[in-house]
Amino acid sequence: MGYVQLIENGRVLYPVVVQDYNTRAVLMVAFADQEALSLSEHTGWAHFFSRSRQQLWLKGETSGHRLKMRAMLTDCDQDAWLYQVEPLGPVCHRLTPGCFDVEGADADPLHYVIGRVKERLRTGPQPASYTWRLLNQGTERVAQKVGEEGLEVALAAQALTYEEGAEKRAMLAGEIADLLYHLAVLAEKLNIDWHDVSAVLQARAKENSKDVHQRESAE
């Protein structure tokens, strides 16, 4: 193990970066000792060590805004940790999504949309929410919307090839956004994890790279 970041009152503390599993936004930074790391792994809820109170800290124990653990990763030196979590409410004491004032959509638009769809499901019935209503209309209706939005993307792309301009580009960007949103709803409806989709894309990229390398070697 490499050097540790902090030894306080004889206790080894590791810095922990907390990241939203779905949006990939960085939510907060805290410290954890070995007990907190072990409890996070075995209970499925994010634990830390509070330096101000000098005690173990289950995030959200009082407020109910817990952090559901989805993955724990350590860096190459094993002296810092990354918690990937699904928040069950605001993360910051200011009741904001995170402690850093950055919009999640700026970090990763697709994962931001996925996170918002999941949030709609977690918060229960919301008749005023389009997402909630769509999810409750059944798979066939959601799939139909994906098809409609895919066609809209194709038509907007064709329009752009015929006439270049900022307005046409904005229209295409809007249609692509609509398609991604409805794909996120469909995936959630059928319980398809986007991380599995990402794994397929990564595997294909590796396979393509291998094929290119083999062709270059043959030449």
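A residue counts as buried under 20% relative accessible area, as exposed over 50%, and as partly exposed in between. By that rule glutamate 148, with a relative accessible area of 32%, is partly exposed. The model toured here is predicted.

**First stop: the salt bridges around glutamate 148**

Select glutamate 148 together with arginine 141; the two form a salt bridge whose closest N and O atoms are 3.9 Å apart. Arginine 141 is also partly exposed, because its relative accessibility is 29%. Through salt bridges that share partners, Arg141, Lys145, Glu148 and Glu149 belong to one network.

**Second stop: the largest nonpolar core**

Next, select Val117, Val142, Leu172, Ala184, Val185 and Trp194, which touch the most other members of the largest nonpolar core, a set of 17 residues. At least two residues of this core come from each of helix H3 (109-122), helix H4 (130-135), helix H5 (139-162) and helix H6 (166-189). H6 provides the largest share, seven residues. Centre the view on tryptophan 194: leaving aside neighbours within four places in sequence, its contacts are Leu110, Ile114, Leu183, Ala184 and Ala187. Another core, of 16 residues, lies apart from this one and has Val18, Ala30, Phe48 and Met69 among its members.

Not counting residues up to four places away in sequence, glutamate 188 touches Val117, Lys118 and Leu121. Its C-alpha lies 7.6 Å from that of valine 117, although 71 residues separate the pair in sequence.

Select helix H1, residues 34-43, and colour Ala36, Leu37 and Ser40, which are buried. These residues lie on the same side of H1 because they cover an arc of only 100 degrees around the axis. The face turned away from the buried side carries the exposed residues Gln34 and His42. To see what covers the buried residues of H1, display strands including S2 (11-20), S3, S4, S5, S6 and S7. Glycine 44 follows H1 and has a positive phi, near 85 degrees.

Select glutamate 86 and arginine 70, whose side chains meet in a salt bridge at 2.8 Å, N to O. Because glutamate 86 lies in strand S7 and arginine 70 in strand S6, the pair ties together parts 16 residues apart in sequence. Glutamate 86 is buried, at 10% relative accessibility, whereas arginine 70 is partly exposed, at 34%.

Most residues other than glycine have a negative phi. Select glutamine 54, where phi is positive, near 55 degrees; this residue lies in the loop between strand S4 (47-50) and strand S5 (55-58). Then select glutamine 78, where phi is also positive, near 60 degrees; its loop runs between strand S6 (67-74) and strand S7 (81-87).

Finally, show the surface of Val17, Val26, Val29 and Phe100, a nonpolar patch with about 310 Å² of accessible area together. Valine 29 sits in strand S3 (residues 26-32) and is partly exposed, at 48% relative accessibility.

Definitions and conventions. Residues numbered from 1 in each chain as written. Predicted model: local features only at pLDDT ≥ 70, side-chain atom pairs only at ≥ 80, totals over all residues. Heavy atoms only, no water. Patch = residues over 30% accessible without salt bridge, like charges linked within 9 Å, V, L, I, M, F, W, Y side chains within 5 Å. Areas by Shrake-Rupley, 256 points an atom, 1.4 Å probe, with all protein chains shown as cover. Salt bridge = Lys/Arg side-chain N within 4 Å of Asp/Glu carboxyl O. Helix = DSSP H or I, 4+ residues; strand = E, 2+ residues; numbered from the N terminus. Buried < 20%, exposed > 50% of the residue type's maximum accessible area, 1.4 Å probe, protein only. Core = buried A, V, L, I, M, F, W, Y, C linked by side-chain atoms within 4.5 Å. Contact = heavy atoms within 4.5 Å. Arc of directions from axis to C-beta.
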